[in-house]
Amino acid sequence: MDGVVQASAQFRARRPSLTVPAPPVTVADLAAGGDDARVEVVDGLCVVRPWPTPLRARVTSRLAQLLAGVATSGARVLPAGVSLEVSDRCLLVPDVVVASSPAPGGRTLRERPFLVVEVADASTRRYDRTVKLDLYREWGVPACWLVDPDSMTLTAFELVGGAYVTSSVTGADGEFHTVRPFPVSVRPADLIDPPDPD
């Protein structure tokens with residue numbers, strides 16, 4: 001039994017540590033301490049995002065590949081870990097970002113993207129659907145998708161008159177079609193368990 005406890009302690013000791021400044025925090029304060037794609041700043045408070053589950057990571061990767069494969073000229077699907085600097089006291093890290101240009105230095109984007117996508121899991125679902133969705137709306141992001149791998153749904157929102165309107169809720173057996181920010185079709189079930197190649 002002592003060996004199990006010792007092995008567990010050694011495993012925890014190898015986990016990376018994270019130091020964040022005391023609130024209120026600015027984006028500049030966070031950058032001075034080094035970039036960590038798991039930390040967001042909301043109104044000067046640091047929010048540490050959990051490590052993605054294997055399912056969330058797989059869905060995020062497959063969706064980014066799908067979008068990159070059909071993106072039109074002038075739209076770029078940015079790699080995971082790109083931050084959006086909404087204001088000097090607000091920094092968000094969506095799971096997928098589609099914007100007109102790459103993030104300078106590859107990490108932080110200050111321009112408003114065309115589309116943000118959040119892939120939920122048990123520890124991020126409420127935060128993604130409330131706080132982050134509201135901040136994207138206030139910033140004027142024209143389209144936002146929330147993907148829930150557990151229920152195999154994709155909920156799409158479009159900005160209309162300063163408010164997000166649900167434009168589609170697509171379940172596992174359905175297929176989501178949109179032209180915003182470019183024509184694309186997404187089957188939520190394929191993000192989780194894609195069909196075998198013919």
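First, the ground rules. The model is predicted, so local features need pLDDT of at least 70 and side-chain atom pairs count only at pLDDT 80 or more, while totals for chains, interfaces and linings use all residues. Residues are numbered from 1 along each chain as its sequence is written, and side-chain values use heavy atoms, with hydrogens and water left out.

Overall make-up. The protein contains five helices and 13 strands. Here helices (H or I, at least four residues) and strands (E, at least two) are DSSP runs, numbered from the N terminus. There are 198 residues, and 40% of them count as buried. Buried means under 20% relative accessible area, exposed means over 50%, and partly exposed is in between, with a 1.4 Å probe and protein chains only. The accessible surface is about 10,400 Å², and carbon and sulfur atoms hold 55% of that. Those areas come from the Shrake-Rupley method with a 1.4 Å probe; for residues, only the protein chains shown count as cover. As for contacts, meaning heavy atoms within 4.5 Å, take those with a separation of 6 or more: residues 24 or more positions apart account for 52% of them.

Two strands pair if DSSP finds at least two bridges between them.

Strand 6 runs antiparallel to strand 3, with three bridges, and Leu-78 has Val-97 as its bridge partner. Strand 6 is also antiparallel to strand 8, again over three bridges. There, Val-96 is bridged to Val-117, and Val-97 stands opposite Val-116. In a regular strand the side chains alternate between the two faces of the sheet. In strand 6, Val-96 and Val-98 point one way, Val-97 and Ala-99 point the other way, and all are buried.

Next, helix 3 in detail. Helix 3 covers residues 54–70, which is 17 residues; at 1.5 Å a residue they should span 24 Å, and the end C-alpha atoms are 25 Å apart, which agrees. The expected span is 1.5 Å times one less than the number of residues. Its buried residues are Arg-56, Val-59, Thr-60, Leu-63 and Leu-67. They cover an arc of only 100 degrees around the axis, which puts them on the same side of helix 3; the arc is that of the directions from the helix axis to the C-beta atoms. An α-helix has 3.6 residues a turn, so residues three or four places apart point the same way. The face turned away from the buried side carries the exposed residues Pro-54, Gln-65 and Gly-69. Cover for the buried residues includes strand 13 (184–186) and helix 5 (188–192).

Thr-60 is one example from helix 3. Thr-60 is buried, at 10% relative accessible area. Leaving out residues up to four places away in sequence, Thr-60 touches Asp-95, Val-96 and Val-119.

Five strands form an open sheet in the order 2-1-5-4-7, with mixed pairing. Strand 2 (45–48) and strand 7 (108–109) each have a single partner strand, so one side of each is left without a neighbour in the sheet. Strand 4 (residues 83–87) and strand 5 (residues 90–92) are antiparallel over three bridges, with Leu-84 bridged to Leu-92.

Val-42 sits in strand 1 (residues 39–42). Is Val-42 buried or exposed? Val-42 is buried, with a relative accessible area of 13%. Beyond its neighbours within four places in sequence, Val-42 contacts Val-47, Arg-89, Leu-92, Tyr-127, Val-131 and Leu-135. Val-42 and Arg-89 are 47 residues apart in sequence, and their C-alpha atoms are 6.5 Å apart.
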